[in-house]
Amino acid sequence: MSWEEYVRKVVPYTPGEQPKIKNIIKLNTNENPYPPSPLVYKAYEETELSDFRKYPDPTCSVLVDSIASFYDVKKENVFVGVGSDDVLSMAFLTFFNSDKPVLFPDITYSFYDVWADLYRIPYKQMPLKDDFTIDPADYYGENGGVVIANPNAPTGVKLPLDAIEDIISHNRDVVVIIDEAYVDFGAESALPLIDKYDNLLVVRTYSKSRSLAGLRIGYAFGCEKLIKYILDAKFSFNSYTMNMPSLILGAAAMNDREYFEETTAKVVATRERVKVQLKELGFEFGDSRANFIFARHPEKAGKDIFDYLRAHDIIVRRFDKPRINEYLRISIGTDEEMDRLIEVLKEYLGK
Ligand SMILES: *Cc1c(COP(=O)(O)O)cnc(C)c1O
């Protein structure tokens, strides 16, 4: 017998590359191309480093209060974590404790099946339709919980709120998680439904629409009882998940509504412009409502385009998986970065 027999073996999630090379155009992990709010710079300058000798506030009140105030909910409706990955991981651990399978789409955020495997949660992947949309009826059957990313990743396709509500209302006996990592770029949030459905958890992140992927801040909304349960799990795991800079700078970013609205609008405008240009070059893609476009070219292999871009210092994301291996997920960068992308693609296609 070997100790290896008792190891909790897992196949880990593979995050997108963070290249060390400077001057690369990085369109592979959906970060925001714009810097954080000026209020974040100010709060950073005013931060007392000597305070770091102490533990941070385990209740995360400055951050929770700023989020509650921005979204006009009670602080008892808010949970925060180390990126939404941590929030989602805690939610899987807390809410998915059934023998029945948790349901999520076959093409979606590829961390869901990793957490399910890690925690030994049974799961079933429901195939998206050919146009990458979700059929809510696929989620009516008996299950141990449901997870839907809206807009979905890596497709960018959104599900209308009435379809989301339909899924929640057909699953009142389990927790339904709506992962809204990209909702600020053009989909309708399920947040208003938390008062109506006590089984709904809405998960958000600072990584995409608030330009702070490096700080690792995620948050979630749910009814008081749901939030109490996930807090109990979190406090049984690690009391001090959120470090002091994340609490202080995260609150500062949340307090700048104007900057948030301005930068997300800029990303959306660039996305819509790039859609037109990619279409002219023959690319095919759905109506992305996220800060990326998931596209393929009918005459070129995804891997070839990926390699050509990479050789020209542009890095995008490609998933070597069935149904989507010809697609490239292209994050929306600044206008200059996207101009360069289009220029290199034109060169590649001989146009
Ligand atoms: C980026 C992303 C996350 C994780 O975001 P972090 O807050 O950076 O951990 C979660 N869900 C989806 C669908 C994402 O694309």
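Figure 1. Of the 351 residues of the protein chain, 53% are classed as buried (under 20% relative accessible area, with exposed meaning over 50% and partly exposed in between; 1.4 Å probe, protein chains only). The accessible surface amounts to about 16600 Å², and carbon and sulfur atoms contribute 51% of that area (Shrake-Rupley method with a 1.4 Å probe; for residues, only the protein chains shown count as cover). Residues are numbered from 1 along each chain as its sequence is written. In this predicted model, local features need pLDDT of at least 70 and side-chain atom pairs count only at pLDDT 80 or more, whereas totals for chains, interfaces and linings use all residues; side-chain values use heavy atoms, without hydrogens and water.

**Figure 2. Secondary structure and overall dimensions of the protein chain.** The protein chain contains ten helices and twelve strands (DSSP runs numbered from the N terminus: helices are H or I with at least four residues, strands are E with at least two). Its C-alpha trace spans about 60 × 55 × 50 Å along the principal axes.

Figure 3. His297 counts as buried because its relative accessibility is 5%. When neighbours within four places in sequence are set aside, His297 is in contact with Leu281, Gly282, Phe283, Ile305 and Leu349 (contact means heavy atoms within 4.5 Å). Across the protein chain, 73% of the contacts with a separation of 6 or more involve residues 24 or more positions apart.
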